[in-house]
Amino acid sequence: MKLDEVTITRAILSEQSKVMLDYVDIDAAVVGAGPSGLVCAALLAENGVKVGVIEKKLSIGGGMWGGGMMFPRIVVQEEARRLLDHFSIAYTAFEEGYYVAKSVEAVAKLSAAACDAGAEFFNLTTVEDVVIKDDRRVSGLVINWTPVEMAGLHVDPLTIACRYAVDATGHDAMVARMVACKGGEVAVSGEGPMWADRAEAMIIGHTREIFPGLVVTGMAANAVAGEHRMGPIFGGMFLSGERAAELIRKSLR
Ligand code: 48F
């Protein structure tokens, strides 16, 4: 078979343009492809929700790749072990209730699960603003290519519509901050110092719809609430992603 560069180009442009047109209006837009966003997206997609994951970096996986201080292992506690099983992430038992998984495998399996279930990924894409109209609800996201932002180019963004936006942007809680600074009744307290036990216990309660149409999950949920950080234990991230998916699924039903 003789290969033609222009056919390769047409293949990419044609397929991706179709997807982008289709995803201009979606049920759930998950901002950030770290562990909480990936779990949320995978579980939403598994339940038939049309979900797009918008990730500003080239790579998917957020802070999970690096494990603890670049030792590529994550710890997951008993309460979240069923989610390791659900996503077929292998683990070994350490002490009672502590399980250790490979960070690379965790990212790969969560990403694969989200893809298999039908979630679409838009990497290299930064959310730079939100749409809030008279109904005082986040009804869309303003997006641009990350390299545009990095180069400081003056290029206007595009906008997608969503029934729900999920702030899974981690420690910075970027979408919540956008809503707060655009006059939404949202306060972002910022995360507290390390306290793994408390941070993991509280994160599920902090995973909630903080403004109509905006659900926070993962470290963003703790940062909004002024809650502690937890370091490289990831059960809370998985459970928070699951909780966010559950909230949205129930509300869309
Ligand atoms: O930080 P991140 O992994 O978020 P998470 O799911 O997990 C936190 C843990 O990794 C760890 C921890 C717990 O165990 O403390 O830190 O809460 O992933 C957040 C993702 O959001 C992307 C960012 O590149 C990262 O991959 N992101 C941030 N801002 C934007 C964004 C934005 N404006 N638009 C698109 N993506």
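1. A helix is here a DSSP run of H or I spanning at least four residues, and helices are numbered from the N terminus. The model under discussion is predicted.

2. Helix α1 covers residues 5-22 and contains both Glu15 and Lys18, which are three residues apart, about one turn of the helix. Their side chains form a salt bridge, with an N to O distance of 2.9 Å. The structure holds twelve salt bridges.

3. Turning to the ligand, its location is the largest pocket. The greatest contribution is that of β7, with three residues.

4. The ligand has 28 residues around it, of which Ser36, Glu55, Gly63, His171 and Met219 come nearest. Sorted by class, this shell comprises 13 nonpolar, twelve polar and three charged residues.

5. The side chain of Glu55 places an N or O atom 2.6 Å from a ligand oxygen. For Gly63, a polar backbone atom lies 2.7 Å from an oxygen atom of the ligand. At Pro35, a backbone N or O atom is 3.4 Å from a ligand oxygen; the cut-off for such a pair is 3.5 Å.

Technical notes: Residues are numbered from 1 along each chain as its sequence is written. This is a predicted model: local features need pLDDT of at least 70, side-chain atom pairs count only at pLDDT 80 or more; totals for chains, interfaces and linings use all residues. Side-chain values use heavy atoms; hydrogens and water are left out. A residue is near a molecule or strand if one of its heavy atoms lies within 4 Å of it. A polar contact is a pair of N or O atoms within 3.5 Å; within protein, one must be able to donate a hydrogen and the other to accept it, and residues adjacent in sequence count only if both atoms are side-chain atoms. On a 1 Å grid over the protein atoms alone, a cavity is a set of points where a 1.4 Å probe fits but cannot get out, and a pocket is an open set with protein on both sides within 12 Å along at least five of seven lines; lining residues have an atom within 4 Å of a point. A molecule sits in a cavity or pocket if more than half of its atoms lie within 2 Å of its grid points. Helices (H or I, at least four residues) and strands (E, at least two) are DSSP runs, numbered from the N terminus. Ala, Val, Leu, Ile, Met, Phe, Trp, Tyr, Cys and Pro count as nonpolar, Asp, Glu, Lys and Arg as charged, and the others, Gly among them, as polar. A salt bridge is a side-chain nitrogen of Lys or Arg within 4 Å of a carboxyl oxygen of Asp or Glu.
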